[in-house]
Amino acid sequence: MTRVGTGQRTTRLTLCLLAGMTLATARTAIAADCPGNPGALGTSRTIVVDPTEHPIIGTMQYRETLPLEDHEVVLTFDDGPIPKYSNAVLAILAEQCVKATFFAIGRMAREYPEGVRKLIAAGHSVGTHSQNHPLSMNRMPLDQARQEMDDGIASVKAALGDPAQLSPFFRIPGLLRADLVEDYARSQGLQVWSADFPADDWRHVSSKTVHDLAMSRIAAKGKGILLLHDIQARTVAALPQILADLKAGGYRIVHVVAATPDRPKTPTTPQQWQLHPTSETVAISRWQKVPSFAFADATMLPAPAAFATDQVTSLPESFNSLRLRRLARGAVPLPEAAPWPRPTTLEPMFGKDTLPVPAQDLFQIGERSNVPIKAMVPMPRQARQTPAASPARADNLARPISIEAGAARRAIPGSMPVTSPGLQPGPIGAH
């Protein structure tokens with residue numbers, strides 16, 4: 001075990017204090033950068049991402065998400081702009097000095113181009129959300145899905161006036177992902193955004209439900225991308241309390257922008273793009289793969305002799321003490337010369353390589369014998385004794401009748417008249 005010296009502990013403590021002071025200074029700077037609202041939530045930092053390195057993000061559907069620290073949240077808004085509600089959302093965010101990412105629909109940008117330009121003027125990031133928001137891109141032909149994406153990008157660029165102001169971020173309508181759509185987006189240098197937790201504000205629920213769902217799901221994952229919509233009245237009503245509770249809970253808002261030649265990406269590690277990266281100090285629920293070894297020498301070791309005298313196992317000392325206790329209780333002692341375990345000797349089988357020949361009739365099966373089966377056959381009531389019959393003959397009415405066991409046909413009592421000497425059948429219908 002490596003011991004940490006006093007100097008090393010002091011250095012670590014100093015680094016922790018400096019990190020805490022830096023964080024506190026950053027939060028003070030955030031509040032100071034929000035004019036008129038020193039207690040604002042603010043934007044803690046901005047991260048620059050390269051869409052080509054991580055083309056799909058959001059743990060609702062994908063394995064990776066944005067490289068956030070614990071208690072960091074990215075706000076996103078879909079389906080705008082609609083001036084009535086989008087302007088209200090912009091005012092709330094501006095009051096708290098919070099930056100977000102908006103995914104605009106091409107048709108809405110064409111109808112309200114001033115709304116898209118307001119987003120850029122306020123310092124937010126603007127991505128695209130298709131041209132007409134079809135809820136069928138997961139089953140569209142590639143040509144149709146490509147047309148939806150291309151038209152949406154063209155409409156938002158036309159509304160902005162400057163194509164460079166559009167971020168290469170794309171969100172599939174309804175999050176109805178498809179491999180064809182993701183592959184095409186990757187080929188165009190787009191980054192497909194899902195989310196880490198929604199607030200269900202597109203449903204017919206109250207603003208309190210939107211707030212409660214947002215906060216409970218953020219607390220469950222600890223960090224990530226929040227999905228909202230800037231075209232809903234319930235979202236406008238819930239947003240101020242969501243931002244207030246985020247600040248009260250120690251959460252920080254992160255703004256995301258795309259890398260450009262003049263703006264390099266933020267250095268990250270692959271593990272930072274995982275929501276909860278695995279650690280060596282935390283047990284995982286799967287076994288590691290067994291490595292395969294290449295043996296340089298595959299020769300076998302010689303086997304020990306079967307009856308070598310030096311292979312006899314001797315009794316350990318514990319067995320000797322047990323033997324003494326057994327003798328003290330009057331048990332029959334074992335022979336002193338008997339080794340343990342006792343070798344077993346087998347009788348040699350020399351000269352017994354042949355077995356005796358069985359008798360000839362050993363496997364014979366006796367033929368079925370034609371022994372007569374004696375059965376009592378009752379005589380029909382119609383049978384009448386002839387006058388010539390004597391009393392001795394009358395005693396034989398129920399005598400045993402021999403029936404051959406091997407007979408092909410047997411007489412069934414009552415099926416035909418049964419006669420015997422001195423008896424004659426009576427009328428069939430007489431009774």
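## Aromatic pairs

Three aromatic pairs turn up in a search of the whole structure. The model is a predicted one.

The ring centres of Phe 77 and Phe 102 lie 5.1 Å apart and their planes meet at 20 degrees, so this pair is stacked; planes under 30 degrees apart count as such. The two residues belong to distant parts of the chain, 25 residues apart: Phe 77 sits in strand β3 (residues 72-78) and Phe 102 in strand β4 (residues 101-104). Both Phe 77 and Phe 102 are buried.

## The pair of Phe 169 and Trp 193

Phe 169 and Trp 193 form a tilted aromatic pair, with 4.9 Å from centre to centre and 40 degrees between the planes. This pair also links distant parts of the chain, since Phe 169 is in strand β6 (residues 169-170) and Trp 193 is in strand β7 (residues 191-193), 24 residues apart.

Phe 169 counts as buried because its relative accessibility is 0%. Trp 193, at 1% relative accessibility, is therefore buried as well; the cut-off is under 20%. Ring pairs join Phe 169 and Trp 193 with Phe 103 in a cluster.

## The protein as a whole

The protein contains 10 helices and 14 strands. Of its 431 residues, 32% are buried. Among contacts with a separation of 6 or more, 79% are between residues 24 or more positions apart.

The accessible surface of the protein is about 28,400 Å², and carbon and sulfur atoms contribute 58% of that area.

Methods. Residues numbered from 1 in each chain as written. Predicted model: local features only at pLDDT ≥ 70, side-chain atom pairs only at ≥ 80, totals over all residues. Heavy atoms only, no water. Phe/Tyr/Trp six-rings, centres within 6.5 Å; stacked < 30°, edge-to-face > 60°. Helix = DSSP H or I, 4+ residues; strand = E, 2+ residues; numbered from the N terminus. Buried < 20%, exposed > 50% of the residue type's maximum accessible area, 1.4 Å probe, protein only. Contact = heavy atoms within 4.5 Å. Areas by Shrake-Rupley, 256 points an atom, 1.4 Å probe, with all protein chains shown as cover.
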